[in-house]
Each structure stands twice: as structure tokens, then as C-alpha cells.
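Trainee: I am new to this structure and would like to learn how to read it with care. Could we look at it together, one feature at a time?

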Amino acid sequence: MELSVLKFDFFKILTDHECFIPINLPLPYELQPADISFEAMSEKHPQSAMLIQEMVRSLSGGETVKLARAIAICTLNMLLTKHDFDARYQEPGQRARVALVYFPLVPLLLDAYGDMEPWHKESPPIEKRGLYVSLLFVLRNIDRAFLRRWWRLESVERRHRFLDLLAACAATFEYDRANAKGAILQAPSFAFATSEKKAPESPRKSSLGDSDADKSQEPGKEGKLNCCVMMLLLDVVEDFVEDFAPEMATPDGTPTLERVLALLVNLLERPQSLRFLESLFASLRAFLSRFRSRLFSENSSVLYALCREVLRYANTASAHTRALATSLLFLLMLRNYEEMGQFGRIYTQATTALSQLITEGAMSDDTYIRHAFNSLTEYALFVYSTATIAIIPAERARNEARHCYLKAGFARQVQELSGTLTKILRDTIEVTELKQKADSEMMAELYFRIAQGYVHTPDLREELNPIEVSIEEIDKRVQALVCELEQKPPNIKTLQHVLQGSALPQVNQGATEICEVFLAKGEGDKYSPASLERLRESLRQFLKACERAIELNRSLIGSEQLQFQKSIEEGFRDIKTQMAPHVQARDPKRVMSFGIMQESNGSDEDSDDSESEYTIGFLKACERAIELNRSLIGSEQLQFQKSIEEGFRDIKTQMAPHVQARDPKRVMSFGIMQESNGSDDDSDDSESEYTIGSPPTSGPPSQIGSPRT
């Protein structure tokens with residue numbers, strides 16, 4: 001042990017010589033593949049390489065070389081501090097040549113990184129800082145072109161180890177506000193990292209300035225040290241991404257992609273200054289936009305960790321930090337939607353992350369994060385209402401109608417996610433409060449509401465495309481309508497609420513937009529026939545459920561709601577008119593009448609006759625209902641009866657040319673099919689006897705629909 005101490009005393013004397021740097025500087029050389037190992041580099045810088053090698057070797061020596069290790073780290077640290085303040089080496093080119101002398105430290109740390117695990121766990125913070133500040137000196141001053149050429153020559157495994165080394169460095173310089181003053185006083189040799197001389201900054205960060213908020217978060221030298229270290233690490237990571245972006249955009253580059261994102265999330269997990277957070281969030285936004293096709297095509301635990309940290313920052317009291325986090329969360333949803341047609345992956349990750357934060361007690365108050373969720377909705381509505389903002393590339397939009405539909409779908413999903421997260425947060429906080437009051441019944445109800453919030457969380461393994469999302473949306477509307485139809489007794493308020501959202505075109509444009517986007521001429525060829533038929537079937541069920549709900553509402557209302565009923569029926573008539581050309585079954589043996597599928601075994605003409613029969617059945621049912629109503633009303637409702645009869649007369653007039661039977665032996669009178677055994681002349685005579693669409697000239701209500709004599 002004494003020999004080891006004496007050895008480093010010798011190194012101190014050697015390195016203290018004023019010509020130590022010139023002795024170690026070889027002629028400028030171009031880095032070659034054979035030069036990237038420590039052995040090759042040590043031949044060019046023998047004196048500094050010996051010191052570095054002895055220091056790194058002491059890291060895996062355990063307790064037996066504890067004193068020698070401390071002396072070794074201190075020796076190298078003091079040597080670099082002297083170089084940093086040496087007036088002879090202040091120009092960038094000179095500082096880069098000095099850093100090149102100590103660059104063998106980088107490959108040697110990568111070689112020994114696996115053996116340094118015990119040292120990482122057991123060594124005091126001051127010792128770890130001494131080692132990593134030496135690494136930071138090299139990274140800060142080395143010629144960046146040299147560094148980038150070096151890591152391009154390294155293997156993938158060693159590149160990953162280099163990223164792990166940067167993460168360990170970030171952990172070593174984590175900012176502890178409580179112990180800030182003591183930490184800096186224990187490390188006077190770190191002065192070069194916090195000196196007034198600034199490191200050359202990337203243009204990406206040159207626009208950032210110090211604000212009052214920055215100063216309040218960075219007290220003294222410790223805050224400046226933390227910000228300086230983190231900005232340097234982030235700058236190195238961005239250069240790394242720039243070099244390996246083509247590789248990371250391929251399936252083979254996924255491990256590197258996740259390693260880089262994990263490092264960025266690691267930086268986000270640690271207490272940081274506001275100035276650095278601005279740069280970090282900017283880097284994350286650029287990273288997500290650049291690699292969205294890879295990030296959202298596979299399941300990744302790193303995305304969950306990112307969502308978790310973003311939600312944590314979204315709950316901060318600082319409005320500026322909250323805005324940074326909220327905008328990043330919105331960007332995650334947007335990029336996921338651009339790639340997959342929905343953001344089910346982010347939906348699930350955000351919901352799970354929020355639940356975990358609540359469980360850990362990090363969301364005991366929902367005041368700030370509710371502001372963040374409200375901002376998400378505002379961002380979504382802004383994107384939807386701004387025509388110049390495109391959420392998918394023009395070549396994928398295909399037409400304006402589809403693009404508008406996708407923007408509307410995105411806005412709806414964002415609103416749904418914001419509402420879901422808000423409810424889960426509020427209910428879970430209430431459960432925590434009720435546990436103290438032992439209110440078991442209320443807790444049970446809240447647990448049920450929380451569970452309901454997770455019901456619609458999409459499975460990460462499902463990758464829905466836009467047409468699947470559309471089918472799901474229509475099916476949800478059908479389920480809501482059927483629920484109202486089956487409720488006993490009917491609830492007219494909730495029924496009318498659902499009807500307003502389904503049968504009024506000005507409120508619900510979703511169904512007609514879906515028809516235009518997926519079922520219009522020329523659009524259907526882009527999707528599988530099976531998916532298109534499933535969509536048509538969902539739309540047919542939607543029309544059928546709407547009709548039943550409208551009929552139910554008609555049977556429940558009083559005279560004061562006749563205007564509402566009229567507007568609902570007129571609106572639904574417009575929706576049916578727009579959807580009719582798109583939702584007919586492609587099977588010629590199946591026809592649709594008002595959303596109801598019927599089987600026909602005949603030819604196309606038989607199908608048309610079958611459709612006419614069911615339409616005529618509808619007219620016949622209307623006539624019977626009108627007759628029944630007339631027999632029940634009093635004088636105060638005669639005006640209503642008159643409007644019903646006039647409206648029905650108009651309907652018959654419009655429908656008559658379309659519902660005539662093709663069989664010349666069959667004719668129609670007011671929706672009633674009649675058989676005729678005579679000739680064509682007899683049929684014409686019989687048809688003339690029954691004038692379709694003519695109102696009765698006189699007679700009691702029971703004569704409505706009777707043949708004129």
C-alpha cells in the first residue's frame with residue numbers, strides 16, 4: 001500500500017513539470033480504426049496514459065487500495081485544474097490538444113466499466129465527482145469532430161456503454177439543494193467546472209438566457225455546476241443522435257434508440273434547473289418527431305417512464321415548467337396519432353403512469369395537473385380549428401375530407417383522455433381521503449368509478465388503424481342508443497340527450513364524415529372488403545337504433561316538445577339521405593330499408609321489390625298510427641294532427657315513384673300491397689282507382705288511407 005502511495009507521489013512530481021503537456025503532445029494525427037484502443041492511444045501519450053491507467057486500476061481494488069485510489073483521483077483532478085487555468089492553453093484549439101492528451105481515459109473507462117460497479121455503490125460522492133469531472137474536462141474541450149469519429153469506429157456494445165457512462169456521470173452531479181453549500185466546499189478542485197469561462201455552447205442552446213426563475217433555482221456554485229454538467233452531457237447526446245440517426249431509424253437500431261431515450265428520461269427524472277429543463281424538453285420534442293415511426297411501432301417501457309416524468313412535471317406549481325411538460329405530452333399524443341391513426345399506446349401509458357404516481361403519493365393535490373389537462377384540450381381544439389395545421393403528411397391524407405375527419409377524431413380522443421385522467425385522479429384522491437374516515441360505502445362507489453375510467457383504455461397490443469377506430473366510435477354510439485331503448489322505465493332526459501348527439505347533423509357529423517372518408521367512390525379500394533363491410537354493418541345498426549329511439553321519444557313526449565321531435569326527425573332524415581348511398585350492402589341478395597337488413601333469395605329485381613315491400617310496410621304503419629292518434633286526441637291537439645297528416649302526405653308523394661311494385665299484377669294503395677289477377681289493362685284501371693298521395697276529401701278519421709270512390 002505504501003508503494004502505491006509513493007507511486008502517485010512520483011506522478012505528482014512528474015506532472016508538475018511545466019513542460020508536461022509539450023512532452024505528451026505528438027504531432028497531429030488522423031484517428032484510424034487501429035487507434036481507438038487504450039493501448040494504441042497510450043503509445044502516443046505515454047506519461048498521461050500511465051497516470052490514467054494506474055488511477056482506473058485502483059477503482060476495482062476494493063478497500064485495500066482505498067487511500068491510493070483517493071490520491072490517484074485527486075492527482076489527476078488537480079492536474080486538469082491547473083491545465084484549465086494555464087494561460088498558455090486558453091484558445092479552443094490549444095484546449096482541444098490538451099484534452100487529446102487525456103482522451104485515453106474514455107476508452108479505458110469503457111473497458112473497466114463492468115468492474116466499477118462495487119466502486120459506484122460504495123465510494124463517497126466526493127470521490128465519484130473527482131473521477132467524472134475529469135471525464136467532463138475531456139468531453140468539454142476535445143475537438144468534437146475527433147470525438148464523433150471515435151464513436152463511429154467503436155462497436156455498438158461499447159457505444160451503449162458510453163451512454164451508460166454519461167448516465168452515471170449525470171447521477172453523480174445530481175443537484176441536491178439541501179446540501180448544495182457543503183458539497184461545493186468539499187471539492188475545491190472542481191473550480192474549473194464552475195469558472196467564469198464558459199464552455200463552447202451548441203447553437204441549439206445559445207438563445208437561452210438567465211432569468212430570475214433560473215437564479216432562484218440555482219443558488220451559488222452548486223447550481224451552476226449542475227447546469228453546466230447537464231448542458232454538456234445533453235450536447236454530447238445530441239451529437240451522438242445526429243451521427244447515428246439513420247441507424248436508429250431502422251429496426252436494427254432499436255436498442256440504440258431506446259438507450260438514448262432512456263438517457264434523456266434519466267436526465268428528466270433528476271432535479272434540474274429551469275434553464276436546463278428548457279433545453280431538455282426541446283431535445284425530447286425533436287427526438288420524438290424524428291423517430292416517431294420507430295417509437296410508436298413497438299412496445300417500449302421507456303415510453304412509460306417518459307409519460308410518468310412528463311405527468312410529474314405537469315403537476316408542478318411553476319406555470320412555465322408545467323407548460324413545457326403539457327406541450328410534450330400533447331406532442332406524444334399527436335405523433336402517436338400521426339403514425340397509428342390513434343394514440344392508444346400513449347393513452348395506456350399515460351393512464352398507467354398517472355395511477356402509479358397517485359399510488360406513490362406524488363399526486364396528492366390535483367390543482368395544477370387539472371390546468372395541464374385543460375391545456376391539452378385547448379391545444380387539440382386549436383389544431384382542429386386551424387386549417388393550415390396538418391396532422392399527417394399530404395400524401396397520406398388522400399383528400400381534404402379524410403384529413404378533416406382525422407383532425408376531428410384526434411381532438412375527440414384528446415378530450416376523452418383528458419376527461420379520463422381527470423376523473424381517475426379526482427376519484428383516487430377522494431378514496432385516499434375517505435380511508436381516513438372509514439366510509440366503506442362511498443369508497444366502494446369510488447373504486448367502481450375508478451375502474452370505469454380504465455374500461456376504455458386500449459390494449460397496447462392492439463394497433464387500430466383509422467377504419468377500426470371509426471367502427472369502434474359508431475359501435476359506442478349504438479351501444480348508448482340501445483342502452484336507452486332497453487331502460488325500464490325509459491328516461492326521457494337521457495334519451496333526448498343521446499338523440500341530440502346522434503340524430504342532429506349540426507351536432508353529430510361523425511357518421512356522415514366516416515361515410516365520406518371511407519365509403520365514398522374511390523376511397524373503398526384502399527381498405528379491405530371485410531373492414532368496409534363491418535363498417536357498413538355498424539352504420540346500418542346505428543341508423544336502426546336511431547329510428548327506434550326517435551319512435552320511443554315520440555311516444556313519451558307531450559305537446560310542449562313537438563318542435564324538438566320535429567327537429568330530430570328532420571335532422572335524422574338528412575343524415576339518412578347522406579348515408580344511404582354508402583351503407584347499402586354489396587351482396588345483391590341483401591337489401592336495406594332504414595338500416596334494417598333483410599334477406600332476399602331472388603334476383604336483383606326481387607331485391608328491389610323486397611325493398612319496396614318494407615318501405616310500403618313503413619307507410620302502412622304510419623297510416624295506422626295516424627288513425628289511432630286521431631281517435632285519441634281532443635280539440636286542443638287538432639293542429640298537431642293536421643301537421644302530422646300534411647307531413648305524411650308529403651312523404652308519400654315523394655316516395656311513391658320509388659316504391660311501386662315491379663310485378664304488373666301487384667299495385668300499391670297507401671302502402672297496402674294488393675294482388676291483381678287481370679291483364680295489364682286491368683292493372684292500369686286498378687292503379688287509377690287508388691291515387692297515391694291524394695288526401696281524403698271528407699269523412700271521419702277512420703277513412704284516412706281508404707280508396708276514393
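Trainee: Which residues does Tyr132 touch, not counting residues up to four places away in sequence?

Mentor: A contact means heavy atoms within 4.5 Å. By that rule Tyr132 touches Tyr113, Met116, Trp119, His120, Leu165, Ala168, Cys169, Thr172 and Phe173, leaving aside residues up to four places away in sequence. Please keep in mind that this is a predicted model, in which local features need pLDDT of at least 70, side-chain atom pairs count only at pLDDT 80 or more, and totals for chains, interfaces and linings use all residues. Residues are numbered from 1 along each chain as its sequence is written, and side-chain values use heavy atoms, with hydrogens and water left out.

Trainee: Which residues have the most contacts inside the largest nonpolar core?

Mentor: In soluble globular proteins, nonpolar side chains tend to be buried together. A nonpolar core is a set of buried Ala, Val, Leu, Ile, Met, Phe, Trp, Tyr and Cys residues joined through side-chain atoms within 4.5 Å, where buried means under 20% relative accessible area, exposed over 50%, and partly exposed in between (1.4 Å probe, protein chains only). The largest such core here has 160 residues, and those with the most contacts inside it are Tyr102, Tyr132, Phe287, Leu306 and Leu311. Helix H14 (residues 220-248) supplies the largest share of this core, 15 residues. Helices (H or I, at least four residues) and strands (E, at least two) are DSSP runs numbered from the N terminus, and the chain has 32 helices and four strands.

Trainee: Is Asn141 buried or exposed?

Mentor: Asn141 is buried, because its relative accessible area is 9%. Asn141 belongs to helix H9 (residues 125-141), and its contacts, not counting residues up to four places away in sequence, are Arg95, Ala96 and Ala99. A polar contact is a pair of N or O atoms within 3.5 Å; within protein, one must be able to donate a hydrogen and the other to accept it, and residues adjacent in sequence count only if both atoms are side-chain atoms. The side chain of Asn141 makes one with the backbone oxygen of Phe137, at 2.9 Å.

Trainee: Which residues of H26 are buried?

Mentor: They are Leu495, Gln496, Val498, Leu499, Ser502 and Ala503. At the start of H26, a side-chain oxygen of Asn491 comes to within 3.1 Å of the backbone nitrogen of Lys493.

Trainee: What kind of peptide bond joins Lys488 and Pro489?

Mentor: Most peptide bonds are trans. The bond between Lys488 and Pro489, however, is cis, with omega about -10 degrees, and Pro489 is found in the loop between H25 and H26.

Trainee: Where does pLDDT stay under 50?

Mentor: pLDDT is the predictor's confidence in each residue, from 0 to 100. It stays under 50 over residues 458-463, for which the model has 12 contacts beyond four places in sequence. The pLDDT is also below 50 over residues 661-709, a stretch with 67 contacts in the model beyond near neighbours in sequence. The chain averages a pLDDT of 74, and 69% of the residues score at least 70.
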